Amino acid sequence: MSGGIFYRILVIVGFVSLFHSAYSAAQHRSYLRLNELDFLGLPLDISIQAIFSLYLIVYGVLQVSGKFKEIKASAELDNKSWGTFRNIPSFYTFSHRGKAFSQFYQPPTTKSHLEEVE
Amino acid sequence: MSSKNKTENVAYNELAIRYNLSVVEYVRTSMAALSGCTAGLLGLTGLYGAAFYIFAVTSLWLMVLFKAGFKTWKNYFISRKGLLTNGFFGHLFTYILCWTFIYGMVHVY
């Protein structure tokens with residue numbers, strides 16, 4: 001998640017920059033008022049900073065908001081093999097009675113031995 | 001979980017569709033608020049503000065497509081026209097709210 005932190009910082013920087021340009025605009029406005037000039041539009045640098053920081057924030061938010069998921073229903077199953085679906089762990093047999101046919105098989109002798117195995 | 005689309009005969013994962021749309025919705029809401037703040041900051045009035053909104057929506061649409069990939073967006077969304085037009089007017093009100101508020105903060109007072 002180091003990329004996530006990077007984009008979070010990008011969003012914060014964008015907010016600070018946007019606030020700064022808003023403050024600059026307010027100051028420009030008060031400068032015009034004190035000098036009794038007409039408002040003809042903001043200085044170009046403030047406009048550029050505002051739009052740039054808007055894009056910075058939106059890009060950061062877009063990256064922070066999370067990755068898109070594949071909408072194809074089979075997207076998650078594409079890289080699984082057929083054998084994966086046949087694998088049912090609940091039906092595993094660890095103690096099959098066929099082991100009694102082995103020539104090395106030693107049958108349990110006492111009842112306590114039976115309980116121990118189980 | 002999955003629904004059959006008759007026309008294309010492709011099964012979609014509905015959960016993933018909804019998740020993607022909620023991500024886009026989140027970004028669009030924040031974009032509406034922020035571009036409203038920027039429009040108010042720039043001192044836009046009247047139709048210039050509306051034009052700025054259309055500009056912001058379109059550029060966000062391009063950014064979303066860029067994130068999904070211009071060639072691979074079909075893996076994530078069913079239609080990209082819907083991505084552009086969904087909630088256009090709903091977010092316009094968020095935009096106007098922020099626009100007028102910040103305009104008042106910066107340019108009037």
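**Chat about chains A and B**

User: Which residues of chain B does UniProt list as "transmembrane region"?

Analyst: The unreviewed UniProt entry lists 50-70 and 82-106 of chain B under that name. Keep in mind that the structure here is a predicted model.

User: Okay, how much helix is there over 50-70 of chain B?

Analyst: That stretch is 90% helix and 0% strand, and its end C-alpha atoms sit 27 Å apart.

User: And over 82-106 of chain B, what's the helix share and the end-to-end C-alpha distance?

Analyst: There you get 92% helix with 0% strand, and the end C-alpha atoms are 35 Å apart.

User: Switching topic: how many residues are in the largest nonpolar core?

Analyst: It has 37 residues, and those with the most contacts inside it include A:Val58, B:Val27, B:Leu60 and B:Val64.

User: What is B:Val64 in contact with, leaving aside neighbours within four places in sequence?

Analyst: A:Leu62 from chain A, and B:Val24, B:Val27 and B:Leu83 from chain B.

User: Now the contact between the chains: how many residues from each?

Analyst: Chain B puts in 31 residues and chain A 26. On chain B's side, β2 (10-13), α1, α2 and α4 each supply at least two, and α1(B) gives the most, with 15.

User: What's the class make-up of that side of chain B?

Analyst: 21 nonpolar, nine polar and one charged.

Conventions
Residues are numbered from 1 along each chain as its sequence is written. Chains are lettered from A and ligands numbered from 1 in the order in which they are written. This is a predicted model: local features need pLDDT of at least 70, side-chain atom pairs count only at pLDDT 80 or more; totals for chains, interfaces and linings use all residues. UniProt positions are given in the numbering used here, feature names are shortened, and annotations may be inferred rather than shown by experiment. Helices (H or I, at least four residues) and strands (E, at least two) are DSSP runs, numbered from the N terminus. A nonpolar core is a set of buried Ala, Val, Leu, Ile, Met, Phe, Trp, Tyr and Cys residues joined through C-beta atoms within 7 Å. A residue is buried if 20 or more other C-beta atoms lie within 10 Å of its own, exposed if 12 or fewer, and partly exposed in between; C-beta atoms are placed from the backbone. Two residues are in contact if their C-beta atoms, placed from the backbone, lie within 7 Å. Ala, Val, Leu, Ile, Met, Phe, Trp, Tyr, Cys and Pro count as nonpolar, Asp, Glu, Lys and Arg as charged, and the others, Gly among them, as polar.
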